[in-house]
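Have the sequence and the structure open as you read.

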Amino acid sequence: MTQLKTDPSAARTRDDRRGLDVRSLKQSFLNHIAFTQTKVADVATKWDLYRALAMTVRDRLVDRWIATRRAYDDCQDAKRVYYLSLEFLIGRTLGNSLVNLGLYDECYQTLFELGYDLEEIRDVEEEAGLGNGGLGRLAACFLDSMATLELPACGYGIRYDYGMFHQRIRDGHQVEEPDDWLRLGNPWEIARPEDTLKVQFYGRVERYTDQKGNSRYRWVDTHDVQALPYDMPVPGYRNNTVNNLRLFSAKSTHEFDLDYFNHGDYLRACEDKSHTENITKVLYPKDDSAQGRELRLKQEYLLVSASLQDILQRFTRQHDDWKLLPDHVAIQLNDTHPALAVAELMRLLLDREGLGWEDAWDITTRTFAYTNHTVMPEALEKWSTGLLGHLLPRHLEVIYEINQRFLDEVARRYPGDGERLARMSLIEEGYEPKVRMAHLAIVGSHSINGVSALHTQIIKDRVLRDFNEFYPDRFNNKTNGVTPRRWLKKANAPLAYLISDAIGDKWVSNLQLLRNLVPLADNTEFQGRWREIKRLNKDRLAGHLHYKQGLVLDPDTMFDCQVKRLHDYKRQLLNILHAITLYNRLKSGNDTDFVPRTILLAGKAAPGYFHAKQTIKLATAVGQVINNDPQVAGRLQVVFPENYCVGLAEVIIPAADLSEQISTAGMEASGTGNMKFALNGALTIGTLDGANIEIKEEVGDENIFIFGLTAQQIDEHRASGYNPWAYYHGHEDLRTAIDQIAGNHFSPGEHGMFQALIDRLFQEGDPYMVLADYASYLECQQRVSEAYRDQRRWTRMSILNTANMGKFSSDRTIQEYASEIWNARPVPVPLA
């Protein structure tokens, strides 16, 4: 039986809610079927079985959850970390909890003895789609690592009623459907109505003089909403720590107006409730209308207001000196979405607590740290001063004051440099002045970090150069990482067992130990078992997609995978052009020694992102032609599974042979998909972008496939006048593929279907250098095929990729945050 550290479980087995043995798990499971679901086992539905199992596992977290809070409260010197993020793409919770508790095998045996299959029950769970992509998934990995490292930490986010949309592919087009992940309830969350907090909007600012003769400000005549917290457990791996993810849901302070109801105006009777609860209704409401922008800003402010109130309440239970706040509280802003927290903390310290400006500002800047996630200036969030002043009038005043004081400092450092002042100002002047939220986060934080070495250098040298020159000690790099618990031990159990059998299981919490696989890379027997597991995972993916979506994949082919959010800079179009070129070569008979491939693309396009949605349509249209051509059957296919999500990623990534990381150099901040694929033994084809560079450094030049222009060369091409037509005319294969797309070869009966994509390449100047990198990409793909033909060589490269991924554990990333930014130390959790 697996036991958790310091857990005297043998003394607890009589309590079936705590016992970790099969007998106790069985009794607890049956009790929950009866007393939670009020069913008998022979009529229980799959949902009943899932909920009973989830509650069984949650029971075993509760003691640790309570003990964790108690340990943090008892350790008054502990510095607590609070991670604010608008996204937490946590995926399914059951399997991850079983892995971290060390109960997976016992639970499997329990259900087997009762006649159930654990994997079938796990498949019932709805994913908590509280994120859009890498940003939210990174946040989830970080929470896992914080708990595993026993750091006193808490995540704060929003409990969206509807997460990232459910994607359907109909006639090749993306169709968005609501992701009603809460329709059957969420057994992992616990509502905390006693901790409900008031959040203010609108109103006006009133100036008054306090008893000491100082001018003070009150925010009055506001429209108030309630932020109802829901807590979800975040267990560490094989320890007693269970940290908290607190998600807020908006509730009305006026649920129901009886007077309107009694007069027959039933809709108006519930109007305030409906408008208020829209705030947390959906992840990322479209912001192409005034109402959408206001709703988005409300979401962001509800998150920061409720989170800061909660944080400060917890601080004041043990401390009465505000100057101690930075010694006991570290708040990490995950991108610019929570940047309003800087103005909100200032408002609370100034207006509610009566501190002077200098003291409040010193406390604020020493409390906050900011992570930047983009190199594209247009992606840095901005809010119009008109909207901000209407919705949050006091905050706009505070921001103006922060800006004035900051610009005074800049002017003293750089006298007469008006252009620099304009560039660095928190306010972007113009017809509609806007607040630059990244600038607010930078000025209000003591640390600004990028998420890969290249990304950090680009923001220091280009995107945020002025700020790096002004605050050189604030900028630092923290290369992203992924949790090996979910992305190898859980997602790829057969490979995890093989690795543990070979080198022991300590690697799960110390990923650098994977280096012990290096001597096995040339071992014939080990290579054979490695290939068997890859084939097993490919069969599993093929079966999954056939059962779920009716897709047919051939596991005898190379699985060439590009799965990620659809965006022009990620260059799914380059991948599609390669697929067309391979198809044309097969049709012409010019490639007799062809390595069979299945090209798998998956991902969601933002609902308003026309080019990305057209790229999906093109991928499916090309697949339709290729997959129905008997001349290439068994040698080439292109598939686009719908509704890419964490759960589907856990099936695709272990099965992948080749990982496509082909973004335009200098555009991808880091990427974490590249790490997940390499960790599972897929080889990377990629540009020198984001974390690809660091992966190359770790695995070695001979174990990765690099192509394309560098970030510096991209800049040089643009500066010298990049001409996409020259590449079109200079490469016959490229010209043929482009002409086929433009000539409706893949869209018969839909004339001009892909004209917008063609215009993007030529009329708009190919901003992401797809055509410039095409020839290099083609040549690199040929090297991939040559390596894949030699399966012994390929397997060796695969093993060495996994063996050298130790750097890319989120445990390493979080340890760096803790020691270099937060100054936070572990607090071990004892169980009574």
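Gly589 follows helix 23 and has a positive phi, near 75°. The model is predicted: local features need pLDDT of at least 70, side-chain atom pairs count only at pLDDT 80 or more, and totals for chains, interfaces and linings use all residues. Residues are numbered from 1 along each chain as its sequence is written, and side-chain values use heavy atoms, with hydrogens and water left out.

Helices (H or I, at least four residues) and strands (E, at least two) are DSSP runs, numbered from the N terminus. Helix 23 has 17 residues and spans 25 Å from its first C-alpha to its last. That is close to the expected 24 Å at 1.5 Å a residue, where the expected span is 1.5 Å times one less than the number of residues. Of its 17 residues, 14 are buried, so helix 23 is largely enclosed by the rest of the structure. Buried means under 20% relative accessible area, exposed over 50%, and partly exposed in between (1.4 Å probe, protein chains only).

**Cavities**

Helix 31 gives the most, three residues. On a 1 Å grid over the protein atoms alone, a cavity is a set of points where a 1.4 Å probe fits but cannot get out; lining residues have an atom within 4 Å of a point. Grid points are joined across faces, edges and corners, and a volume is the space filled by probe spheres set on the points. The structure holds seven cavities of 30 Å³ or more.

| Cavity | Volume | Lining | Nearest the centre |
|---|---|---|---|
| Largest | about 210 Å³ | 16 residues | Ile90, Asn96, Pro233, Val234, Arg486 |

In the largest cavity, helix 3 (94–101), helix 6 (134–148) and strand 11 (223–235) each supply at least two lining residues. Its lining has eight nonpolar, four polar and four charged residues. The second largest cavity has eight nonpolar, three polar and four charged. Here Ala, Val, Leu, Ile, Met, Phe, Trp, Tyr, Cys and Pro count as nonpolar, Asp, Glu, Lys and Arg as charged, and the others, Gly among them, as polar.

**Pocket**

A pocket is an open set of points with protein on both sides within 12 Å along at least five of seven lines. The second largest pocket holds about 580 Å³ of space. It is lined by 31 residues, with Leu551, Gln624, Asn627, Val638 and Val639 closest to its centre. Helix 24 gives the most to this lining, eight residues. Strand 22 (636–639) supplies at least two. The lining divides into 13 nonpolar, 11 polar and seven charged residues.

**Cores**

A nonpolar core is a set of buried Ala, Val, Leu, Ile, Met, Phe, Trp, Tyr and Cys residues joined through side-chain atoms within 4.5 Å. Which residues have the most contacts inside the largest nonpolar core? They are Phe406 and Trp822, in a core of 145 residues. Helix 10 (residues 290–316) provides the largest share of this core, 11 residues. Apart from it lies another core, of 64 residues, including Leu586 and Trp794.

Contact means heavy atoms within 4.5 Å. Leaving aside neighbours within four places in sequence, Trp822 touches several residues, among them Lys79, Met146, Gln332 and Tyr817.
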